[in-house]
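Here is a friendly note to read alongside the structure. Please keep the view open and follow the points in order.

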Amino acid sequence: MIIKGRITTLRAIESEDLFFLKDMMNDADIEQMTVDSHFPISSFQQEQWYASNICNPDFHKYVIETQQDGAIGLLSLEDLDWRNRSFQVPLKLAKDRVGVTAVGIDAHLAMLRYAFDELQMHRAWGSTLAYNQASLNMQKLCGYTVEGRKRKAVYKNGKYHDLILTGLLREEYYAFVEREGYWD
């Protein structure tokens, strides 16, 4: 199934995407803005990762593309908690697309709509490095509320940094998209 936003499409990863994804994962500037950390990834490792995950029913990573630019990022549906109906939606945009708020918001809202409408999820949550203001702003623009802070929780560039915790309830999502008229 392809998940459609207003300006983005979320689709399964294809083998043709592996070079693009490897470049994104190896980009030091993108790495500095994400909570997780990666070692350098070779083409062989990327191919092995793809081969070992693509048929896994718990693998929920999607390429973000636009009609104009093609593949521009990666979005995941992660930490699915089926009992408590919660999840998170990490998103990475290619370096040349960083700061393009409309694309990130549209892809994020498309995945939220899918999770709330099709998977019966109840709560989305996120975590963002305190200095990654673009990511925090995007979450707020999607209706998320700041719920807390983990002090000095992530080590990057020789320092510990705070992690901002956010959340969005299903009813808050519906109120947000209705108020904004997003899917009209």
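**Notes on the sheet, the rings and the pocket**

1. Let's begin with a strand pair: β2 (residues 9-12) and β3 (residues 61-66) run antiparallel and share four bridges. Within this pair, Ala12 faces Tyr62 of β3. Strands here are DSSP E runs of at least two residues and helices are H or I runs of at least four, numbered from the N terminus; two strands pair if DSSP finds at least two bridges between them.

2. A word on the source: this is a predicted model, in which local features need pLDDT of at least 70 and side-chain atom pairs count only at pLDDT 80 or more, while totals for chains, interfaces and linings use all residues. Residues are numbered from 1 along each chain as its sequence is written, and side-chain values use heavy atoms, with hydrogens and water left out.

3. Moving on from β3, six bridges connect this strand to β4 in an antiparallel arrangement. Glu65 is set opposite Ala71 of β4, and a hairpin of three residues leads from β3 into β4.

4. Now the whole sheet: five strands make an open, antiparallel sheet in the order β1-β2-β3-β4-β7. Because β1 (3-4) and β7 are the edge strands, with a single partner each, one side of each has no neighbour in the sheet. At the β1 end, two bridges hold β1 and β2 in an antiparallel pair, and Ile3 has Leu10 in β2 as its bridge partner.

5. How many aromatic pairs does a search of the whole structure find? There are six, where rings of Phe, Tyr and Trp (its six-membered ring) pair if their centres lie within 6.5 Å, and planes under 30 degrees apart count as stacked, over 60 as edge-to-face and the rest as tilted. Trp49 and Phe59 form an edge-to-face pair, because their ring centres are 5.5 Å apart and their planes meet at 70 degrees. Since Trp49 belongs to helix α3 and Phe59 to the loop between α3 and β3, this pair ties together parts 10 residues apart in sequence.

6. Is Phe59 buried or exposed? Phe59 counts as buried, at 17% relative accessibility, whereas Trp49 is partly exposed at 25%. The cut-offs are under 20% relative accessible area for buried, over 50% for exposed and in between for partly exposed (1.4 Å probe, protein chains only).

7. Phe87, Phe116, Tyr173 and Tyr174 are linked into a cluster by ring pairs. Two arginines lie over ring faces: Arg6 is 3.8 Å from the ring centre of Tyr182, and Arg113 is 3.5 Å from that of Trp183. A charge sits over a ring if NZ of Lys or CZ of Arg is within 6 Å of the ring centre and within 35 degrees of the ring normal.

8. Finally, the largest pocket holds about 1,000 Å³ of space. A pocket is an open set of points on a 1 Å grid over the protein atoms alone, where a 1.4 Å probe fits, with protein on both sides within 12 Å along at least five of seven lines; lining residues have an atom within 4 Å of a point. The volume is the space filled by probe spheres set on the points, which are joined across faces, edges and corners.

9. Of the 43 lining residues, Met33, Thr34, Pro90, Leu91 and Lys92 lie nearest the centre of the largest pocket. Helix α5 (133-141) contributes the most to this lining, with seven residues.
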